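Me: I would like to understand how the labels used for a protein model are decided. Could you take me through them one at a time, setting each value against its definition?

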Amino acid sequence: MKKYPSKISYGLVLIILAIIIGSTISMVSPPKWPALLINLMVLVFISYLLLNTYYAISGNFLVVKSGFVVNKKIDIDTITIVSETNSIISAPAASFDRLEIIYNQHNSILISPRDKTEFIEHIKRINPQIEILYKSKKDAGINR
């Protein structure tokens, strides 16, 4: 089994921190302990998800894992298209530099492997029929 950790976007982390810190400021004086505790728990949970999001290729399957929240197994033979995207739709991806995986004709999932090139090459070795769609022409030369 080969694991591909999720790329973590500093922009995404800053947005999350800004929201949590912004909502915490009004709770500090006078201290509202239950609300502060909730914010701390949200921060710990989001950190847990960011640090425990990865994609594994095991045999002919792609396993998408994000903490205990997402655990999806996709047969690589059913993947038809992998395309680069910056979609902000909620997904088991810790970065906006994402890949959209289309499988079973109409299903899709967004992921953000740290090493996109190696990840794409790996799944193409398993299923050479996968169509790869790049955002820019300069990337199109990578093992199409």
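Reply: Let us begin with aromatic pairs: rings of Phe, Tyr and Trp (its six-membered ring) pair if their centres lie within 6.5 Å, and planes under 30 degrees apart count as stacked, over 60 as edge-to-face and the rest as tilted. With pairs defined in this way, Phe45, Tyr48 and Phe68 form one aromatic cluster. This is a predicted model, in which local features need pLDDT of at least 70 and side-chain atom pairs count only at pLDDT 80 or more, while totals for chains, interfaces and linings use all residues. Residues are numbered from 1 along each chain as its sequence is written, and side-chain values use heavy atoms, with hydrogens and water left out.

Me: Why is the pair of phenylalanine 45 and phenylalanine 68 called tilted?

Reply: The ring centres of phenylalanine 45 and phenylalanine 68 are 5.9 Å apart and their planes stand at 50°, so the pair is tilted. Phenylalanine 45 belongs to helix H2 (residues 33-51), whereas phenylalanine 68 is in the loop between S3 and strand S4 (70-75), 23 residues apart; helices (H or I, at least four residues) and strands (E, at least two) are DSSP runs, numbered from the N terminus.

Me: Which kind of aromatic pair do tyrosine 4 and phenylalanine 119 form?

Reply: A search of the whole structure finds 3 aromatic pairs. Tyrosine 4 and phenylalanine 119 form an edge-to-face pair, with 5.4 Å from centre to centre and 90° between the planes. This pair links distant parts of the chain, since tyrosine 4 is in strand S1 (residues 2-5) and phenylalanine 119 in helix H3, 115 residues apart. Both tyrosine 4 and phenylalanine 119 are buried.

Me: How do you know that glutamate 118 and lysine 2 meet in a salt bridge?

Reply: A salt bridge is a side-chain nitrogen of Lys or Arg within 4 Å of a carboxyl oxygen of Asp or Glu. For glutamate 118 and lysine 2 the N to O distance is 3.2 Å, and the side chains meet in a salt bridge. Glutamate 118 is in helix H3 and lysine 2 in strand S1, 116 residues apart.

Me: Which residues do salt bridges with shared partners join into one network?

Reply: Aspartate 97 meets lysine 7 in a salt bridge of 2.8 Å, N to O, and aspartate 97 also meets lysine 116 in a salt bridge of 2.8 Å, N to O. Aspartate 97 lies in the loop between S5 and S6 and lysine 116 in helix H3, so the pair ties together parts that are 19 residues apart in sequence. Salt bridges that share partners join Lys7, Glu84, Asp97 and Lys116 into one network.

How values were computed:
Buried < 20%, exposed > 50% of the residue type's maximum accessible area, 1.4 Å probe, protein only.
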